[in-house]
Amino acid sequence: MEDIVKRPHLFAVQQTSKNLPAKKEPPKSKQDRKEDKKKKPASGGKSGGGTQGRETKTKNVKKKYFTTQETEDMDYEEEASVKTANLELEFLSTDEMHDHLRKIECLKEAPDELVSIIVDELHRPLTKKYREVAKNLYDASVASSGSSRRKQHSDYQEKFSTLLGHIVMFEKATKLFSDEVASQLCKHLQKTLCSDLTNAVVLYLAQEHGLQGCPDSDAALTLEQRQKIINKFPEEIQKPLSKLHSSLNVKSLEDFHSAIDIALGAGICDMIIRKPDKKKER
């Protein structure tokens with residue numbers, strides 16, 4: 001206390017120093033700011049500056065990209081599901097069912113709210129049942145059609161194989177006669193069995209390709225009728241059939257055998273015909 005009384009100026013200086021505002025630091029130079037910036041630890045998140053700032057920005061861009069992509073995929077899936085739903089079978093619309101219910105005697109004067117409740121209760125289960133019945137009928141039809149086509153293909157394959165076997169057998173028999181008689185028998189063979197096989201192949205393909213205005217599969221065709229049907233086929237089928245048609249007017253059966261092999265083979269009739277060996281003794 002004696003010091004304070006004797007030297008009050010010291011106390012006054014201390015009080016003054018407490019009340020004085022803090023000294024402002026002199027502004028830093030550009031070089032100092034750069035050095036301070038380098039000394040600061042790299043901060044994550046969204047703070048800018050430095051390598052980490054750029055990485056954060058890149059990550060945000062990628063995240064935004066993937067989010068947009070996922071949103072687009074979801075929109076596409078929703079659109080596809082709507083299109084699929086539009087293609088689904090519907091037994092009756094709610095309006096049509098409402099009209100049908102109104103025709104029932106006991107519901108003619110019923111309130112609309114009651115009819116609407118009945119429609120809501122019946123529409124979904126009836127539509128579901130209708131789709132189940134339609135699907136079963138479709139599956140049965142497809143199975144029956146596929147089985148029928150396989151059987152038909154097998155029957156024609158057997159028929160063609162039998163006719164071709166007879167042709168080979170009779171052709172071999174002509175070798176037992178003189179050249180003049182053999183030539184006449186060959187022409188007769190072309191007009192009968194060879195023409196029958198050609199007609200059967202042409203009519204079978206016409207049926208397979210759904211050509212209109214063609215006779216039944218067992219009908220006998222004239223040269224003009226057969227050529228007219230052949231002209232209706234696309235070029236890849238018309239060309240080998242035209243060669244088969246023309247092979248019936250030559251002296252030997254070599255052209256016929258070459259043409260029938262192509263017509264019955266892959267890409268046209270798609271049949272596996274085991275032709276008897278002409279050189280093999282029976």
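This is a predicted model: local features need pLDDT of at least 70, side-chain atom pairs count only at pLDDT 80 or more; totals for chains, interfaces and linings use all residues.
Biologist: What makes up the secondary structure of the protein?

Modeller: It comes to 10 helices and 0 strands. Read along the sequence, the pattern is α-α-α-α-α-α-α-α-α-α.

Biologist: Why is asparagine 199 called buried?

Modeller: Buried means under 20% relative accessible area. Asparagine 199 has 5%, so it is buried. This residue lies in helix α7. Setting aside neighbours within four places in sequence, asparagine 199 is in contact with Ala220, Leu221 and Arg226.

Biologist: Why does aspartate 112 count as partly exposed?

Modeller: Buried ends at 20% and exposed begins over 50%, with partly exposed in between. Aspartate 112 has 45% relative accessibility, so it counts as partly exposed. Aspartate 112 lies in helix α6.

Biologist: What makes the link between the side chains of arginine 102 and aspartate 112 a polar contact?

Modeller: The cut-off is 3.5 Å between N or O atoms, one able to donate a hydrogen and the other to accept it. The side chains of arginine 102 and aspartate 112 make their contact at 2.3 Å.

Biologist: How far apart are aspartate 112 and arginine 102 in sequence and in space?

Modeller: They are 10 residues apart in sequence. C-alpha to C-alpha, the distance is 9.5 Å. Arginine 102 is found in helix α5, residues 94–102.

Biologist: How do you know that the span of helix α9 is close to what is expected?

Modeller: Helix α9, residues 235–246, has 12 residues. Its first and last C-alpha are 16 Å apart, close to the 16 Å expected at 1.5 Å a residue.

Biologist: Which residues of α9 are buried, and why do we say they line one face?

Modeller: The buried residues are Ile237, Pro240, Leu241, Leu244 and His245. Seen down the axis of α9, they fall within an arc of 145°, so they line one face of the helix. The face turned away from the buried side carries the exposed residues Glu235, Glu236, Lys239 and Lys243.

Biologist: What covers the buried residues of α9?

Modeller: The cover includes α7 (179–208), α8 (223–230) and α10 (254–264).

Biologist: Which residues touch the most other members in the largest nonpolar core?

Modeller: Phe160, Leu197, Val201, Leu205, Leu241 and Phe256 do, out of 34 residues. The elements that give two or more residues to this core are α6 (112–174), α7, α8, α9 and α10. Helix α7 gives the most, with 12 residues. Another core lies apart from it, with 7 residues, among them Leu92, Met97, Leu107 and Ala110.

Biologist: What is phenylalanine 256 in contact with, beyond neighbours within four places in sequence?

Modeller: Its contacts are Leu164, Ile167, Cys194, Leu197, Thr198, Leu244, Ser247 and Leu248.

Key
Residues are numbered from 1 along each chain as its sequence is written. Side-chain values use heavy atoms; hydrogens and water are left out. Helices (H or I, at least four residues) and strands (E, at least two) are DSSP runs, numbered from the N terminus. The expected span of a helix is 1.5 Å times one less than its number of residues. Buried means under 20% relative accessible area, exposed over 50%, partly exposed in between (1.4 Å probe, protein chains only). The arc is that of the directions from the helix axis to the C-beta atoms. Contact means heavy atoms within 4.5 Å. A nonpolar core is a set of buried Ala, Val, Leu, Ile, Met, Phe, Trp, Tyr and Cys residues joined through side-chain atoms within 4.5 Å.
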